[in-house]
Amino acid sequence: MNAVVVGGGIVGLSSAFELAERGVDVVVCEKGSIGNGSTERAAGGIRAQFSTPTNVELSLASMAVWSEFEQRFGTDVDYRTNGYLFLARTPETAAALETAVEMQNERGVPSEVLEPAGAHERCPGIDPDGFVAATYSPTDGFADPHLALQGYARAAADAGVDVRTKTPVTDVLREDGDGRVVGVETPDGPLEAEFVVNAAGPWARRVGAMAGLELPIAPRRRQMVVVDPETAVPETDPLTIDLETGTYFRPERDGEALVGGHLGGPDPDRDPDGYDRGIDFDWAADVLETASEWATYFGPDSRIKRGWAGLYAVTPDDNAVLEETVPGLITAAGFSGHGFQHAPATGRLVAELIVDGEASLVDIAALSSDRFGTERERLERNVV
């Protein structure tokens with residue numbers, strides 16, 4: 001059996017590795033360099049505090065890999081289980097978080113609902129007065145996306161995967177009869193394959209269109225800055241999110257912090273080949289000022305050291321598409337900012353769909369693309 005994986009980010013490389021481990025001959029086609037799409041620009045968050053059961057299950061299956069990544073892949077990805085702290089300003093948001101915690105607890109996630117004072121104990125740098133409740137889970141955390149990507153790249157190569165950089169896919173080939181996908185076209189010629197995996201992230205909609213599909217996956221620009229704060233952020237602080245303002249921070253090394261968030265306003269689709277990868281000065285000033293209103297670390301003497309922009313591949317309900325969309329074409333895209341953390345489970349599920357003909361690690365029926373516009377569409381609320 002052979003397969004072509006379109007996209008050399010962490011979802012594509014995880015899928016390629018898992019397929020190769022199960023005896024499939026795999027070629028990865030990456031139009032640029034490994035990870036230059038979204039993976040290298042991710043915040044690295046890894047959490048089980050989601051509002052939909054499928055995302056929780058994807059997280060738990062992935063966290064089992066993240067916790068043993070160094071032993072399995074020989075790469076230390078700086079995985080830190082500092083926890084995630086979600087902050088609620090309104091009773092409505094607090095109620096939604098409480099409902100999510102009940103569902104998470106049923107699945108073995110040790111999350112809990114906190115009073116504002118309890119949230120302040122978990123993160124002493126927040127001002128608890130603006131919040132009515134919070135949730136926290138000690139097994140959430142974050143890792144280094146660059147190191148994780150390199151770990152998967154080496155493992156895939158060692159397993160025999162043929163990774164081809166600077167190799168864009170220009171068409172998806174389908175049989176005239178039943179329309180089954182049978183390969184891809186590249187500038188170097190066609191590649192025949194029994195299965196093609198669309199793991200193209202922000203380019204996934206374009207790849208789907210090559211196969212005659214309309215995938216509602218939109219590339220949306222998100223920004224992040226590294227801040228030298230007025231007061232050093234302890235390295236033990238959780239990744240902390242103010243859900244109402246959409247801002248968040250997490251500790252870096254030496255007292256610095258990553259600060260990000262989407263502050264509302266226009267959110268147009270972006271050209272993944274031509275968007276601005278730098279930061280907007282106005283956004284950087286606004287996000288730091290907003291964070292300073294609820295986190296005492298970011299006083300007036302805080303300094304922005306550097307920043308960057310990347311792309312989320314967003315669906316209407318902020319959940320991924322993970323399925324065999326048409327015979328021979330597996331879609332693993334549209335993670336809406338969760339692709340990095342869910343990559344280990346996704347790779348395994350892609351391999352199951354191809355080798356076994358069905359997924360067994362996690363029930364992914366809710367991630368079928370035919371859910372959009374129906375009662376089965378369920379919004380993931382815990383997003384930033």
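**Labels and the values behind them**

Visitor: Why is Glu-256 called buried?

Guide: Its relative accessible area is 13%. Buried means under 20%, exposed means over 50%, and partly exposed is what falls in between, using a 1.4 Å probe and protein chains only. Since 13% is under 20%, Glu-256 gets the buried label.

Visitor: What should I keep in mind about these values?

Guide: This is a predicted model, so local features need pLDDT of at least 70 and side-chain atom pairs pLDDT 80 or more, while totals for chains, interfaces and linings use all residues. Residues are numbered from 1 along each chain as its sequence is written, and side-chain values use heavy atoms, with hydrogens and water left out.

Visitor: How do you know that Glu-256 and Lys-305 form a salt bridge?

Guide: The N to O distance between their side chains is 2.4 Å. A salt bridge needs a side-chain nitrogen of Lys or Arg within 4 Å of a carboxyl oxygen of Asp or Glu, so this pair passes. The two come from distant parts of the chain, 49 residues apart: Glu-256 sits in the loop between strands S15 (247-251) and S16, and Lys-305 in strand S17 (residues 303-314). By the way, strands are DSSP runs of E with at least two residues, helices are runs of H or I with at least four, and both are numbered from the N terminus. Lys-305 has 37% relative accessibility, so it's partly exposed.

Visitor: What makes Arg-206 and Asp-271 a link between separate parts of the chain?

Guide: Their side chains meet in a salt bridge at 2.7 Å, N to O. Arg-206 belongs to helix H7 (residues 204-210) and Asp-271 to the loop between strand S16 (257-261) and helix H8 (281-292), so the pair ties together parts 65 residues apart in sequence. Both count as partly exposed: Arg-206 at 37% and Asp-271 at 39%.

Visitor: How many salt bridges are there in the structure?

Guide: It holds 24. Some join up: Arg-205, Arg-220, Arg-222, Asp-267 and Asp-269 are linked in a network.

Visitor: Why does Glu-352 count as buried?

Guide: Its relative accessible area is 2%, so it falls under the cut-off for buried. Glu-352 still makes a salt bridge with Arg-348, at 3.3 Å from N to O. Both residues lie in helix H9 (residues 339-356), 4 residues apart, about one turn of the helix. An α-helix has 3.6 residues a turn, so residues three or four places apart point the same way. Arg-348, at 38%, is partly exposed.

Visitor: What else does Glu-352 touch?

Guide: Contact means heavy atoms within 4.5 Å. Leaving out residues up to four places away in sequence, Glu-352 touches Arg-22, Gly-357, Glu-358, Ala-359, Ser-360 and Leu-361. Its side chain also reaches the backbone nitrogen of Leu-361 at 3.0 Å.

Visitor: What makes helix H1 mostly covered?

Guide: Of its 12 residues, 11 are buried, among them Ile-10, Val-11, Phe-17 and Glu-18. H1 (residues 10-21) reaches 16 Å from first C-alpha to last, close to the 16 Å expected at 1.5 Å a residue; the expected span is 1.5 Å times one less than the number of residues. Gly-23, with a positive phi near 90 degrees, follows H1.

Visitor: How do you know that S9 and S10 pair?

Guide: Pairing takes at least two DSSP bridges between two strands. S9 and strand S10 (residues 181-186) have 4, in the antiparallel sense, so they qualify. Arg-174 is partnered with Val-181, and Asp-171 with Glu-185. The hairpin has 6 residues between the strands, and there Gly-179 takes a positive phi near 80 degrees.

Visitor: Why are S9 and S11 called edge strands?

Guide: The open sheet runs S9-S10-S11, paired antiparallel. S9 (171-174) and S11 (189-192) each have a single partner strand, so one side of each is left without a neighbour in the sheet.

Terms used
A polar contact is a pair of N or O atoms within 3.5 Å; within protein, one must be able to donate a hydrogen and the other to accept it, and residues adjacent in sequence count only if both atoms are side-chain atoms.
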